[in-house]
Amino acid sequence: DVNDNLARGRYFFCDILKEGILLYERQGSKPFAKPGPVDKKMALEEARGHFVEWFNKAQSSLKGFTFYTREHEINDAAFTLHQSVERLYSCTSLVFTLYVPYTHNIEKLRSRCEQLDARLIEVWPRATRKERAAFNKLKEAYVKSRYSKHWVITSEELQSLGERVNLLQEVTKLVCEERLENMDCHPSTRHPRA
């Protein structure tokens, strides 16, 4: 799998090869493949596929959020809203770089995606402690909404977070569609470094 990705010029694997430190090499193992050029047509098709898949998954989670909110299942609504955010950031990362780190930490995903397109920064205001706490509440929802008897989120907090996630959905759609259009005109899958 690593050699296949290296041969296809996937930046993430190329960076690992270039910047990584080999800790152990099994005797008789194959050497790493030489990084090849990115097949721009394949990268565009793959990015389009990721956009359709992950944007639709995010919309599905938002439908679940609406259902759970209407049914007054607040913790399930919070968890499902977290999933929407995770999926929207996964969508952005995959469209821009054809890679998403395996994590449920939406703060890490947010940071990664905001480096890809700065317009995503505006979705989550951070000027006040209350604004930062709102995002952290959503970040906590992944675990605490399911497993903590003492975790509480109010309907008002949930509604406000829902509005932010709807904005994230709009901005995600905008930046991903622009990225796909630019890839079609000027193909490049290289991750812009911060």
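## Basis of the model

This is a predicted model: local features need pLDDT of at least 70, side-chain atom pairs count only at pLDDT 80 or more, and totals for chains, interfaces and linings use all residues. Residues are numbered from 1 along each chain as its sequence is written, and side-chain values use heavy atoms, with hydrogens and water left out.

## Overall fold

The protein has seven helices and zero strands. Helices (H or I, at least four residues) and strands (E, at least two) are DSSP runs, numbered from the N terminus. The C-alpha atoms fill a box of roughly 55 × 45 × 30 Å along the principal axes.

Of the 194 residues, 40% count as buried (under 20% relative accessible area, 1.4 Å probe, protein chains only). Take contacts (heavy atoms within 4.5 Å) between residues at least 6 apart in sequence: 69% join residues at least 24 apart.

## Tyr 99

Tyr 99 sits in the loop between α4 (74-97) and α5 (106-116). Neighbours within four places in sequence aside, Tyr 99 contacts Tyr 11, Phe 12, Ser 93, Leu 94 and Arg 112. Thr 128 is 29 residues from Tyr 99 along the chain, and their C-alpha atoms are separated by 32 Å.

Methods
Buried means under 20% relative accessible area, exposed over 50%, partly exposed in between (1.4 Å probe, protein chains only).
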